[in-house]
Amino acid sequence: MVTREQVEEAYSRTAAWVRHTPMAASGNEGTYPLWFKCEYMQHTGSFKARGAFNRLLTARENGELNPEVGVVVASGGNAGLANAYAAAKLGVPAAVFVPESAPANKVHKLYAVGARVVQSGSEYAEAYAAAVAFAAESGAVYCHAYDQPEIVAGAGGVGLEMMEQLPDVDTILVAVGGGGLMGGIAAATEGRARVVGVEPETVPTLHSALAHGEPVDVPVSGIAADSLGARRLGEIGFGVARRAGVQSVLVTDQAIIEARRRLWEGHRIVVEHGAAAAYAALLSGAYAPGAGEKVAVVLCGANTDPAHF
């Protein structure tokens with residue numbers, strides 16, 4: 001479980017290493033005012049840098065980080081890139097295990113920041129198993145993509161910043177894959193704002209976990225699977241979601257595509273499909289704010305291939 005106190009500690013620890021990203025007012029959408037939390041402007045193009053720095057800095061403080069061996073992570077893209085970037089900044093090596101289906105633009109960026117890239121299996125679960133085995137054999141610090149206390153607490157810095165920037169926000173919409181960002185934000189804002197977790201109908205990790213009373217495996221497919229394609233919700237995210245009363249809504253692939261188009265045409269914002277999912281909940285009516293409800297949408301990542309935009 002992760003608490004607001006842990007998020008605050010992580011936020012302080014990583015302050016010199018991550019960007020304080022802006023909150024942009026969108027104006028009124030129908031009967032309610034809307035803001036965008038521009039976390040796609042974070043280092044490496046996603047919120048993942050916050051958790052990566054918190055994990056590695058904590059490991060270094062505790063004497064767990066061997067500078068000769070470094071770190072290992074399993075990730076189809078954003079988490080791997082963030083941890084490789086953080087490792088490079090701290091001067092330690094990083095091994096990143098990715099599925100063979102990882103987007104070429106994200107793999108290229110991993111090489112660009114000096115990571116050792118190992119392609120293993122056809123999906124995240126297989127890359128994860130290989131990375132865990134590598135950590136056990138080598139002594140490298142393992143950085144989970146979304147289900148470690150330091151990772152979730154670091155991601156929660158997004159929520160703390162939002163409360164500083166818009167203290168009277170009523171509702172925060174955030175995309176859910178493995179649940180690290182959702183869990184961190186919910187812990188940071190618990191008792192102060194409603195958190196709505198948005199996910200594709202084709203990867204309903206949060207929705208299924210809440211329905212079954214525990215995280216369960218779900219099929220992985222759809223337009224946003226490269227960034228929201230976790231097979232099951234993390235235990236930490238699930239625990240925080242239940243404790244904080246996070247609401248779950250689902251959106252279609254077509255709604256995600258339309259949301260990404262609208263973000264570009266209306267705001268000149270380019271994000272990946274996973275990040276557009278949160279906005280899709282508003283445009284599609286999956287979440288309908290009340291009159292005057294102050295709503296903020298977390299735009300969590302921009303690592304998309306421009307050729308496919």
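What follows is a tour of a predicted model, with one selection at each stop.

**Stop 1: strand E2.** Begin by selecting residues 32-37, which form strand E2. Six of the six residues of E2 are buried, so this strand is largely enclosed by the rest of the structure. If you show the side chains, you will find Tyr-32, Leu-34 and Phe-36 pointing one way, with Pro-33, Trp-35 and Lys-37 pointing the other way.

**Stop 2**

**Stop 3: strand E10 and its partners.** Select residues 295-298 for strand E10, from which Val-295 and Val-297 point one way and Ala-296 and Val-298 the other way, every one of these four being buried. E10 runs parallel to E2, and four bridges join the two strands; Leu-34 has Val-295 as its bridge partner in E10, while Phe-36 has Val-297. E10 also runs parallel to strand E7, residues 171-175, through three bridges, and here Ile-172 is partnered with Ala-296.

Stop 4: Leaving aside residues up to four places away in sequence, Phe-36 touches Pro-22, Met-23, Ala-24, Ser-26, Leu-263, His-267, Ile-269, Tyr-279, Val-297 and Leu-299. The largest nonpolar core has 69 residues, and those with the most contacts inside it are Phe-36, Leu-173, Leu-181, Leu-282, Val-297 and Val-298. Helix H13, residues 273-284, gives the largest share of this core, with eight residues. A second, separate core of 28 residues can be picked out by way of Ala-52, Leu-56, Ala-94 and Ala-102, which are among its members. In soluble globular proteins, nonpolar side chains tend to be buried together.

Stop 5: Where does His-43 lie? Follow the chain into the loop between E2 and helix H2, residues 48-61, and you will come to His-43 there. His-43 has a relative accessible area of 16%, and because buried means under 20%, this residue counts as buried. With residues up to four places away in sequence left out, His-43 touches Trp-17, Val-18, Arg-19, Ala-49 and Tyr-85, and a polar contact of 3.3 Å joins the side chains of His-43 and Tyr-85. In the loop between E2 and H2 you will also find Thr-44, which is buried with a relative accessible area of 17% and has a positive phi, near 65°, in a residue other than glycine.

**Stop 6: Arg-268.** For another positive phi in a residue that is not a glycine, select Arg-268, where the value is about 55°. Arg-268 sits in the loop between helix H12, residues 253-267, and H13. Is Arg-268 buried or exposed? Its relative accessible area is 54%, and Arg-268 is exposed.

Stop 7: Select Glu-150 in helix H6, residues 149-155. Glu-150 is buried, with a relative accessible area of 18%, and, not counting residues up to four places away in sequence, it touches Gly-51, Asn-54, Arg-55 and Thr-58. Then select helix H7, residues 157-165, where seven of the nine residues are buried, so that the helix is largely enclosed by the rest of the structure. The buried residues of H7 are Gly-157, Val-158, Gly-159, Leu-160, Glu-161, Met-162 and Met-163.

**Stop 8: the largest pocket.** Finish at the largest pocket, which has a volume of about 670 Å³. It is lined by 40 residues, of which Ala-225, Asp-226, Ser-227, Leu-228 and Gly-229 are the closest to its centre. To see which helices take part, colour H3 (78-90), H5 (124-138), H8 (180-189), H10 (225-228) and H13, each of which supplies at least two residues of the lining. The largest share of that lining, four residues, comes from H10.

Definitions and conventions
Residues are numbered from 1 along each chain as its sequence is written. This is a predicted model: local features need pLDDT of at least 70, side-chain atom pairs count only at pLDDT 80 or more; totals for chains, interfaces and linings use all residues. Side-chain values use heavy atoms; hydrogens and water are left out. Buried means under 20% relative accessible area, exposed over 50%, partly exposed in between (1.4 Å probe, protein chains only). A polar contact is a pair of N or O atoms within 3.5 Å; within protein, one must be able to donate a hydrogen and the other to accept it, and residues adjacent in sequence count only if both atoms are side-chain atoms. Contact means heavy atoms within 4.5 Å. Two strands pair if DSSP finds at least two bridges between them. A nonpolar core is a set of buried Ala, Val, Leu, Ile, Met, Phe, Trp, Tyr and Cys residues joined through side-chain atoms within 4.5 Å. On a 1 Å grid over the protein atoms alone, a cavity is a set of points where a 1.4 Å probe fits but cannot get out, and a pocket is an open set with protein on both sides within 12 Å along at least five of seven lines; lining residues have an atom within 4 Å of a point. Grid points are joined across faces, edges and corners, and a volume is the space filled by probe spheres set on the points.
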